[in-house]
Amino acid sequence: MINDQSSMVKAYVRYLKLQRNMSANTLDAYQRDLDKLLLFLNHEGKDVVTLELADLQTFATSLHDIGIGPRSQCRILSGVRSFFRFLQLDGWREDDPSELLESPVLGEHLPEVLSTEEVDRLEASIDVSKPEGHRNRAIIEVLFSCGLRVSELVNLKLSNLYTEEQYVRIFGKGSKERLVPISEKALQELKDWFACRKQLKIKPGEEDYVFLNRRGTHLTRTMILIMIKQQAEEAGIQKTISPHTLRHSFATALLEGGADLRVIQALLGHESIGTTEIYTHIDMSTLREEIINHHPRNMKSKSIQ
């Protein structure tokens with residue numbers, strides 16, 4: 001066997017793409033994380049065939065030392081384990097040195113969530129006299145009404161909008177398809193945007209994308225992140241938000257409205273119900289109010305009064 005690190009990485013990326021059916025964005029993330037390990041090994045004079053668990057533990061410590069947060073460390077180390085499992089399965093190594101590699105313990109992480117009133121404030125703060133005004137309102141409303149990932153939003157096509165039936169067809173992670181209902185409000189915001197969109201000179205090949213910039217090409221995830229952060233500032237919302245906040249708000253609103261967790265899982269496009277459970281955050285004041293209003297002991301005491 002030729003000890004060719006470059007060949008191993010190419011074979012691994014090919015495996016992720018063809019066998020694991022990963023999207024281009026996910027592949028890029030895996031490669032960037034793997035590059036961190038390879039850079040570390042190069043600096044230490046080691047290679048992926050001969051390194052041991054102790055080397056990986058030193059690498060994990062180095063991630064902390066350069067200021068990478070625990071959640072990002074977990075993601076990087078998860079990718080490292082995936083890489084070494086592949087090397088063992090594909091015959092590059094006889095063992096898997098990452099088998100006993102531990103990740104940092106994460107505390108409970110509750111992402112920010114926006115109330116419907118805050119989403120309304122966000123949209124109301126947009127100046128619709130500007131060319132991009134109606135587009136930005138539609139972006140925020142579609143994210144909140146449909147719970148899309150930002151990558152799904154930037155790739156949303158006109159041909160996947162079914163306005164009469166009021167649903168959209170989404171191609172999520174691993175090109176998995178799902179159908180998501182879309183609200184009347186979101187459809188109205190899209191209608192207003194489409195009236196403005198007609199004025200654009202659209203670049204060839206971009207005609208089917210729902211959301212375009214002034215140059216007639218589809219938006220990037222970074223553009224939407226910047227827009228939402230700027231809009232939150234203008235709306236006076238103090239929370240640290242991103243496009244994902246609107247997805248979380250969508251799921252939380254459904255949960256608080258009584259939707260079944262399995263339904264939310266299907267709408268979000270999660271393979272595992274465990275992933276959906278991070279969206280089940282209801283603050284303690286809400287829980288307390290539910291107990292006061294609905295527990296039989298409390299209901300009895302209220303009836304006596």
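The following conversation concerns a predicted model and covers its sheet, one histidine, a pocket and a cavity.

Biologist: How many strands form the open sheet, and in what order?

Modeller: The open sheet is built from 3 strands, ordered 1-2-3, and the pairing is antiparallel. Strand 1 (161-162) and strand 3 (177-181) are the edge strands, each pairing on one side only.

Biologist: Over how many bridges do strand 1 and strand 2 pair?

Modeller: Strand 1 and strand 2, the latter covering residues 167-171, pair over 2 bridges in the antiparallel sense.

Biologist: And which residue in strand 2 is the bridge partner of Tyr162?

Modeller: The partner of Tyr162 in that strand is Tyr167.

Biologist: What holds such strands of a sheet together as pairs?

Modeller: In general, strands of a sheet pair through backbone hydrogen bonds, in either a parallel or an antiparallel way.

Biologist: Turning to His270, where is it found?

Modeller: His270 sits in the loop between helix 11 (261-268) and helix 12 (273-276).

Biologist: Is His270 buried or exposed, and why?

Modeller: His270 counts as buried because its relative accessibility is 12%, and the cut-off for buried is under 20%.

Biologist: Which side chain does the side chain of His270 join in a polar contact?

Modeller: The side chain of Arg247 makes that polar contact with the side chain of His270, at 3.3 Å.

Biologist: Now the second largest pocket: what is its volume?

Modeller: The volume of the second largest pocket is about 210 Å³. The pocket is lined by 14 residues, and those closest to its centre are Glu132, Asn136, Met227, Gln230 and Gln231.

Biologist: Which helix gives the most to that lining?

Modeller: Helix 9 gives the most to the lining of the second largest pocket, namely 6 residues. Helix 6 (133-146) and helix 9 (221-234) each supply at least two.

Biologist: What is the make-up of that lining by class?

Modeller: The lining of the second largest pocket comprises 4 nonpolar, 5 polar and 5 charged residues.

Biologist: How many cavities of 30 Å³ or more does a search of the whole structure find?

Modeller: The search finds 1 cavity of 30 Å³ or more. The largest cavity holds about 30 Å³ of space.

Biologist: Which residues line the largest cavity?

Modeller: The largest cavity is lined by Tyr12, Tyr30, Asp33, Leu34, Ile76, Gly79, Val80 and Phe83. By class, that lining has 6 nonpolar, 1 polar and 1 charged residues.

Biologist: From which helix does the largest share of the lining come?

Modeller: Helix 4 provides the largest share of the lining of the largest cavity, with 4 residues. Helix 2 (24-44) and helix 4 (70-89) each supply at least two residues.

Notes:
Residues numbered from 1 in each chain as written. Predicted model: local features only at pLDDT ≥ 70, side-chain atom pairs only at ≥ 80, totals over all residues. Heavy atoms only, no water. Buried < 20%, exposed > 50% of the residue type's maximum accessible area, 1.4 Å probe, protein only. Polar contact = N/O pair within 3.5 Å; in protein donor to acceptor, adjacent residues only side chain to side chain. Pairing = 2+ DSSP bridges. 1 Å grid on protein atoms, 1.4 Å probe; cavity = no way out; pocket = protein on both sides within 12 Å on 5 of 7 lines; lining within 4 Å. Points joined across faces, edges and corners; volume = space filled by probe spheres on them. Nonpolar A, V, L, I, M, F, W, Y, C, P; charged D, E, K, R; others polar.
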